[in-house]
Amino acid sequence: MTTLKRGAALYQAGETIMRAVEAPVNGMERVLGRKRMPWLFLAPNLVLFGIFTFLPIAIAVGYAFTGGTNLFVSDRPFVGFENFRTLLACDDYLRPGTCRESLFWTAVWNTLWFVAFNVVATLLVALITALILNRAIVARGFFRAIFFYPVLLSPVVIGLIWKWFLDRNGLLNAFLQMLGVPPEIFLLDVGWSRFFVVVVSVWFHMGFYTLILLAGLQAIPKELYEAAAIDAASPRRTLLRITLPLLGPNLLVVLILLMIRSVQIFDEAWVLTNGGGPGTANSFIVQYIYQMAFSSDLRLFGLASAASVLMGFVLLVLTLIQLRLGRRMES
Amino acid sequence: MNPIRFLTRRRRAERIDITDILSWIWLFAGTLAVLVPVVWAGLSSLKPAAEITRFPPTLLPRAAVEQTVSGFDKPLSLWQVTIDGETREMAMVRRIGLKAQMVDPVSPQKPVSVDVKSITPVQRLTVATQNYADPLTRFNFLTFLKNSVFVTFVATVLTLLVNAMAAFALSKYRFRGDKTVFVIIISTLMIPLAVVMVPAYLVVVGVGLADNLWGVILPTIASPTAVFLLRQYMLTIPDELIEAARVDAASEFCIFWRIILPLTAPALAVLAIFSVLWRWNDFLWPLIVLNSRENFTLQVGLNAFQGEFSVQWHYILAMTFLSLLPVTIVFVFLQKYITTGIAGTGMK
């Protein structure tokens with residue numbers, strides 16, 4: 001009954017909107033003719049795309065070659081490759097302190113380390129979980145939902161919840177004290193804070209990758225396992241010879257997606273570590289771009305854009321690899 | 001059915017393997033790892049300010065009990081006192097160094113002096129509802145909430161409409177340049193916000209929408225993911241329906257509104273769920289666009305709040321929980337659609 005009423009209300013709302021829009025759009029149809037109608041339907045999307053996606057992409061490249069702190073391109077001096085030279089000038093790339101823009105190289109190395117650990121850890125945890133959830137286990141739907149739940153939360157909420165969990169007076173320290181380990185201020189220690197940024201990231205995103213791998217696992221034909229069972233293949237052999245090879249394409253896509261998204265780490269790390277702390281231990285590339293451009297005292301839009309362009313280039317390469325793999329998977 | 005047999009049933013009558021045990025350990029450990037931080041933050045958000053940083057922490061929210069005692073203006077705190085091996089509940093009048101002056105709350109006569117080492121506070125289960133009530137009345141929380149609801153609602157409605165129209169044009173019409181337009185739109189899928197955020201902010205400033213909620217909404221509406229998802233779905237709708245409608249002299253807009261939109265409802269529903277989640281959880285883009293407090297969305301407001309009041313965890317956790325609640329409710333009811341939607345489209 002209530003669904004019916006709600007349906008009726010929705011229908012009425014639809015009717016009202018339609019009547020309001022119908023007359024002018026039909027008028028346009030009379031003027032333009034039916035052949036040009038698709039462009040009318042595309043117009044709002046293309047206008048928004050043009051203004052907020054294509055224009056920025058075009059500007060981003062132009063911006064990277066300008067200096068100064070003015071926001072508008074017309075007021076910015078052309079400096080050629082100066083921004084890129086500033087970012088890339090370095091005596092020893094392994095030691096950010098020797099670079100002209102040491103903060104950038106700190107961010108680059110932090111990001112690379114984060115990507116390496118995060119990709120391996122997330123992939124491993126997601127794969128194990130997907131393999132287990134693919135078994136005939138009681139309450140599979142429940143467990144799948146539980147593991148997936150964090151994916152939907154906001155990064156700010158996740159950062160705050162974990163900050164509280166890892167607090168000096170937090171639950172983890174209480175648990176450690178029960179075991180006789182002295183309490184630790186995890187987020188003020190360089191090593192621990194880096195470790196927990198990865199832990200939080202795995203915790204946050206693994207459910208998403210588990211789901212993709214699970215979909216891949218369920219697409220593997222059951223007959224293969226039946227044949228393996230008839231041949232009395234050991235579970236290990238079945239895993240190594242059937243499951244993993246057939247899951248290979250999915251694993252590759254997950255790997256590339258994970259890399260692309262790990263390079264862009266910002267939100268949860270920013271909240272968890274009070275903006276990259278302790279010091280610059282958790283300062284990543286997106287954060288560098290954000291700070292160069294939007295910190296009230298810096299406003300170095302050119303430098304930030306140059307860093308964006310470099311990052312965009314890396315992401316483009318990764319995306320092209322993914323597209324190539326995707327096409328191979330389909331064929 | 002026997003509950004134990006129900007819980008331990010397996011598909012085939014094999015003996016329990018070591019891998020079964022390891023699987024269960026993994027699943028339970030994972031469940032704990034997901035739930036413990038969330039539930040812990042939730043329980044902590046109910047604790048009074050004085051209790052929240054107690055270490056080691058207590059599981060449930062408790063508070064010191066106070067009682068009005070005749071002859072004293074202010075309510076006195078109750079303590080467990082052990083005198084000569086006998087334990088009693090007494091009210092503390094004042095504390096001088098290592099001695100506490102206690103009276104019997106029922107018959108308050110001359111205060112007794114007791115060693116503070118032999119007393120423990122009486123505590124009772126108390127839910128600190130003011131942790132939730134205060135942010136609602138103070139600290140702009142309602143403004144943040146209103147802004148978040150506005151952004152989420154308007155952006156979702158416009159996302160559905162604008163992208164459905166584009167998907168309709170790209171799936172049901174043949175015109176010069178249709179493939180090019182589709183490829184151009186889809187190619188922007190690979191450009192993340194981080195790469196264009198500086199010039200995108202410039203554009204938002206240029207069109208006069210800086211520090212404006214529309215500056216948060218408009219750049220997110222035209223979404224290549226949405227166009228792709230809706231177009232794929234619309235391609236499955238038979239063209240004969242449209243031909244029939246044209247024979248009946250329906251206008252193109254009428255065809256879109258009366259035939260295509262209702263038939264695309266399942267895809268629109270999936271997109272609506274995702275759009276709500278994306279916009280509700282957005283952080284970096286609103287953080288860039290919005291500057292003044294009265295324009296903050298919930299996520300930006302929460303972040304600003306935790307920076308300013310980093311010691312007031314009772315408020316921070318309560319507000320965190322208020323912003324997490326809608327997402328959790330949506331998930332509990334739409335869990336199946338969300339997970340199958342993600343498994344099918346690979347978006348999140």
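Student: How do the helices α4(A) and α8(A) pack, at what angle and with their axes how far apart? Please continue from there to the other parts that can be described.

Tutor: The model is a predicted one, and the account below begins with helix α8 of chain A, residues 190-218. Two packed helices are described by the angle between their axes and the distance between the axes. Helix α4 of chain A, residues 102-133, packs with α8(A) at an angle of about 45°, and the two axes are 7 Å apart. The two helices α4(A) and α8(A) are therefore oblique to each other. Their crossing is right-handed. In the contact of α4(A) with α8(A), 17 residues are nonpolar, six are polar and one is charged.

A further partner of α8(A) is α5(A): the axes of these two helices come within 5 Å and cross at roughly 135°. That angle makes α5(A) oblique to α8(A). The crossing of α5(A) and α8(A) is left-handed, whereas that of α4(A) and α8(A) is right-handed. On the α5(A) side the contact includes Arg140(A), Arg144(A), Phe147(A) and Phe148(A). On the α8(A) side, the contributing residues include Trp203(A), Phe204(A), His205(A), Met206(A) and Gln218(A). By class, the contact of α5(A) with α8(A) consists of ten nonpolar, three polar and two charged residues.

The loop between α4 and α5 of chain A contains Ala139(A). Phi of Ala139(A) is near 60°, a positive value in a residue other than glycine. With a relative accessible area of 39%, Ala139(A) is partly exposed.

Apart from residues up to four places away in sequence, Phe41(A) touches residues of chain B, among them Met165(B), Phe168(B), Tyr173(B), Phe253(B) and Phe256(B).

The buried residues of α8(B) are Leu213(B), Gly215(B), Val216(B), Ile217(B), Pro219(B), Thr220(B) and Ile221(B). These residues pack against α2 (37-63) of chain A, and also against α5 (141-172), α7 (193-206), α12 (265-281) and α13 (284-289) of chain B.

Two residues of one loop in chain B complete the picture. Ala249(B) lies between α10 (239-247) and α11 (252-263) of chain B, and Ser251(B) is in the loop between α10 and α11 as well. Phi of Ala249(B) is near 65°, a positive value in a residue other than glycine. Ala249(B) counts as exposed, at 66% relative accessibility. Ser251(B), by contrast, is buried, with a relative accessible area of 12%. Leaving aside neighbours within four places in sequence, Ser251(B) is in contact with Asn26(A) and Glu29(A).

Conventions:
Residues are numbered from 1 along each chain as its sequence is written. Chains are lettered from A and ligands numbered from 1 in the order in which they are written. This is a predicted model: local features need pLDDT of at least 70, side-chain atom pairs count only at pLDDT 80 or more; totals for chains, interfaces and linings use all residues. Side-chain values use heavy atoms; hydrogens and water are left out. Axes are lines fitted to C-alpha atoms, for helices over the stretch in contact, and angles run from 0 to 180 degrees between N-to-C directions. Helices (H or I, at least four residues) and strands (E, at least two) are DSSP runs, numbered from the N terminus. Angles under 35 degrees count as roughly parallel, over 145 as roughly antiparallel, 65 to 115 as roughly perpendicular and the rest as oblique. A crossing is left-handed if the near helix is turned anticlockwise from the far one by less than a right angle, and right-handed if clockwise. Ala, Val, Leu, Ile, Met, Phe, Trp, Tyr, Cys and Pro count as nonpolar, Asp, Glu, Lys and Arg as charged, and the others, Gly among them, as polar. Buried means under 20% relative accessible area, exposed over 50%, partly exposed in between (1.4 Å probe, protein chains only). Contact means heavy atoms within 4.5 Å.
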